[in-house]
Structure formats: structure tokens, C-alpha cells
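Subject: Structure handover

Hello,

Here is the structure for you to take over. Please open it next to this email.

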Amino acid sequence: MRVYGRVQGVFFRQSAAIVAEKLGVFGYIQNLEDGSVEAVYEGEEEAVKRMVEWTKKGPSTAKVTSYSITYEPYKGEFKSFEIRYF
């Protein structure tokens, strides 16, 4: 998932990590050089759906103007949720 708008420098990644932990979602989130944020989520279908819905808005400090979502089959590649840095 990619989100665009005012999504960097607003604690988006840190807030996502907290929500992911509460929901039991694994994967990662990272800032990209173009100013967007990329997130990869994996876990129970309902938990991932809730995480995606949260990401469409982000924390109250963010202003998501658009997003794109790509769904892939479950691969079981993540054991935790991490904030990645470029």
C-alpha cells in the first residue's frame, strides 16, 4: 500500500506500528524518497482490512490525499512489524 499527501514527519510510521501491534498485523512501513509512505501488511484477513482502513487516514497529524493498494496472496514472510529507514 502507498499513501500520499502530508504523510512524512507526522509520526505516520510510528503510529502505524502501534496500530499494527494492537491488531496483530506483521510487515513493515517506510518513507519513500518521493514523500510517500509504503506499507506492507500481512496477517489475519480482518486485521489487515482494519489496518488498511486506518492507513487510508493515518494519524490525526497526517493528511492523506490519495492511496494505492495492491493485494497479493499470503506468503507468511513476516514475523513482526517494523519501521524501515531508507
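First, the ground rules. This is a predicted model: local features need pLDDT of at least 70, side-chain atom pairs count only at pLDDT 80 or more, and totals for chains, interfaces and linings use all residues. Residues are numbered from 1 along each chain as its sequence is written, and side-chain values use heavy atoms, with hydrogens and water left out.

The helix pair

Helices (H or I, at least four residues) and strands (E, at least two) are DSSP runs, numbered from the N terminus. Helix α1 covers residues 12-23, and helix α2 covers residues 45-55. Their axes come within 10 Å and cross at roughly 160°. Axes here are lines fitted to C-alpha atoms, for helices over the stretch in contact, and angles run from 0 to 180 degrees between N-to-C directions. α1 and α2 are therefore roughly antiparallel (angles over 145 degrees).

Which residues meet? From α1 come Phe-12, Ser-15, Ala-16, Val-19, Ala-20 and Leu-23; from α2 come Ala-47, Arg-50, Met-51, Trp-54 and Thr-55. Contact means heavy atoms within 4.5 Å. The residues of this contact divide into 8 nonpolar, 2 polar and 1 charged. Ala, Val, Leu, Ile, Met, Phe, Trp, Tyr, Cys and Pro count as nonpolar, Asp, Glu, Lys and Arg as charged, and the others, Gly among them, as polar.

Ser-36

Ser-36 sits in the loop between β2 (26-31) and β3 (37-42). Is Ser-36 buried or exposed? Ser-36 is buried, at 1% relative accessible area. Buried means under 20%, exposed over 50%, and partly exposed in between (1.4 Å probe, protein chains only). Leaving out residues up to four places away in sequence, Ser-36 touches Arg-2, Val-3, Tyr-4, Val-7, Gln-8, Gln-30 and Asn-31.

Phe-11

Phe-11 lies in the loop between β1 (2-6) and α1. Its phi is positive, about 65°, although Phe-11 is not a glycine. Phe-11 counts as exposed, at 58% relative accessibility.

Ser-66

Ser-66 belongs to strand β4 (residues 63-68). Ser-66 is partly exposed, with a relative accessible area of 33%. Ser-66 touches Arg-2, Val-3 and Tyr-4, again not counting residues up to four places away in sequence. The C-alpha atoms of Ser-66 and Gly-27 are separated by 21 Å, and the two residues are 39 residues apart along the chain.

Best wishes

Note on methods
Angles under 35 degrees count as roughly parallel, over 145 as roughly antiparallel, 65 to 115 as roughly perpendicular and the rest as oblique.
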